[in-house]
Amino acid sequence: MATLEEILEGKSICICAGSGGVGKTTTSAAIAAGMAARGKKVAVLTIDPARRLADSLGLPELGNTERQVDPVLFTEAGTDPGEGELWAMMLDAKATFDEVVREHAPDEETRDRILDNRIYQQISNALAGSQEYMAMEKLFEIHSDERYDLLVLDTPPSRNALDFLDAPRRLTQFIEGRSLQIFMKPTGLGMRVLGRGTSVVFSVLKRITGLDLIQDLSEFFNAMSGMVGGFQERAKRVNELLAAEESTFLVVCGPAGEPIGEAVYFHRKLAEADLPFGGVIVNKVHTAGRGETDPEADPSLRSDLEVLTGDADLAGRLADNFEDYRALADRDARNIAKLKREMRSKTVIEVPYLTDDVHDLRGLFTINGYLFGED
Amino acid sequence: MRAEAGPDRPAARIPPIGDLYDKRIVFVTGKGGVGKTTVSLALGLAAAARGKRTIVCEVASQESASRVFGRGEIGFHETELRENLFAISIDPDHSMREYLELQLPVKAMSDLLYRSKIFSYLAAATPGLREMVTIGKIWELALDKRKAKGALPYDLVIVDAPATGHGIGLMQTPQNFAEIARVGPMAHQAGTINKAITNHRQAGAVIVALPEEMPVNESAQLEAELLDSVGIAIDGIFMNGLYPERFTDAELERIAELRQGDHPTAVLAALEAAGDEAGRARSQREQLARLRELTRTEVGVLPFIFEPTLGVEQLEQLAAEL
């Protein structure tokens, strides 16, 4: 099994994927800090940082551009980053989408027409996949600048792994409006609906929803038509970048049955899509009492504890507590063993369930002890 | 439960949790991974035990209810899990189809529309339409006179809502939709639904949190948005997965001392586990105090369940706490 440092050797992009609530943001930040401490220039792109984490990185105003973490904080945490730098930013999907439009729009009038369009606002704000798409977009933009050795992307949480991989493609297809062009023809003034069936659909939809979509859609596609090529080209290059040798995907999950199942599924989907897979990081693993015999099957434990403490009640609670912990540790060990079988030779890294929340650089380095396998 | 509101803290203007079971619609929301599904099902069990005809709605096709209750996929069918407790998995496609069937007098026409490629394209492009038909179905389930053919009404509809951002999006949809579409049956309905879910006697939301930094922060923001932007009542915040405090400070000191000694490995491991539990229980209580400090609603507590997997038995244990 390769170590995390070996996995990241020579990589310029590391994408942390996984469902919500598994500690993905913290893991992404820890990886970035760990590589910065190893002398790399690293930027972490996050979606939703813990307030206290952002504060302690000295980044109260984490916005849509990168900010550098004060090197003094590394020294305070007992590390010398040398040439290393840690930068962080929080993605704003809507703002990024607006930036893309501003950049690609041929003129100011087109730009404003798009930004004011109701369909555009729906897409950029809420349409499933826009956050994922914009995360990729930002990643690509920063990567093109070649200012960093490594970019770590903390992806938006998704219940379904497919969402994340499909979203950019679906969104681009939507913007291209290819399926719509079969039914509509752009004219000088707007759009002409082709075929009687189509006009029925429009009129029924208008009747039900009360929205005159023809107007909004024709506006939108007219305005976007000059930009479609740019979007397509960009999407193609993003996909090439993700599939390239210099990228790696890490799956972050928790130790319970469901998250482990999701990690296995995600791994399979990445393989199917020919995307480079680095390994799995299992967070919040219960380790207390792992590998110990069942206290129920070991009656001497209770009596040993009783003799030791001289308190039957306390001994009973100690044994009960141990039993509860051991049951969770056993469950986690079973799930992780299953995960390792599925992953074959791929790396599986375990991070124990820590008593305290991580809220500063020092905490991130504690996690790094497990991630990077240090002492 | 919570200590009385201090002088500088806004007084709790939220009804006590007991009222929750007298509502018609309750949305269960919170950060990803906090146990929304578990709390939804436990609330469902608790309501059913009180004799309420209850349905739990999943809106993200997760099929958790079918898994926990050991059944085949439920899908878009109102399925009885046990006496008074039903479940359904609501997806926009089926909701749209049902909506079209109810709106259009001729079935052939709704079929044609539903199968039309351009329709599905436009439906995806229409601002909020997918969320609108989803919440429309939720609302339909809670009607005294159901629109779906031969369907019986429910006393309580519990929605296992999406995580924070998307959950708020879902609840705000009727309001937004009513604003952008001023005419037509759906705009009219959007207004009706918005009135229903912001009626504090009929509907409310429950926030699920975990005793950790981020879920606590997010719960506080969520509460503010639900109250101020959505205008929905909050029927309770539940701190989920709280570890018990099993040892007194004096005992912990003794345990720490004993850990220095030479013991069989199992004994040592048991002492370590006690220290671990105490540390976590303490840090969790700090987070519980923070949550109570940061929010206006009463915060209830659900214990951590020390079981490898959650089944019906564990849900009933939680239901008893609710």
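## Working through a two-chain interface

About 5500 Å² is buried between chain A and chain B, with carbon and sulfur atoms giving 64% of that area; buried area is the accessible area (1.4 Å probe) that two parts lose on being put together, summed over both. This is a predicted model, where local features need pLDDT of at least 70 and side-chain atom pairs count only at pLDDT 80 or more, while totals for chains, interfaces and linings use all residues. Residues are numbered from 1 along each chain as its sequence is written, chains are lettered from A in the order in which they are written, and side-chain values use heavy atoms, leaving out hydrogens and water.

**Exercise 1.** Work out which residues and pairs make up the contact between chain A and chain B.

- Step 1: count the residues. Chain A puts in 59 and chain B 64, with contact meaning heavy atoms within 4.5 Å.
- Step 2: look for salt bridges (a side-chain nitrogen of Lys or Arg within 4 Å of a carboxyl oxygen of Asp or Glu). There are three between chain A and chain B. One of them pairs B:Glu251 with A:Arg317, whose closest N and O atoms are 2.6 Å apart.

**Exercise 2.** Describe how helix 1 and helix 12 of chain B cross.

- Step 1: get the geometry. The axes (lines fitted to C-alpha atoms over the stretch in contact, with angles from 0 to 180 degrees between N-to-C directions) of helix 1 (residues 36-49) and helix 12 (residues 312-321) of chain B come within 8 Å and cross at roughly 70°. Helices here are DSSP runs (H or I, at least four residues), numbered from the N terminus.
- Step 2: classify. The two helices of chain B are therefore roughly perpendicular, a label for 65 to 115 degrees.
- Step 3: list the partners. From helix 1, B:Thr38, B:Leu41, B:Ala42, B:Leu45 and B:Ala46 meet B:Val312, B:Leu315, B:Glu316, B:Leu318 and B:Ala319 of helix 12.

Technical notes: Parallel < 35°, antiparallel > 145°, perpendicular 65-115°, else oblique.
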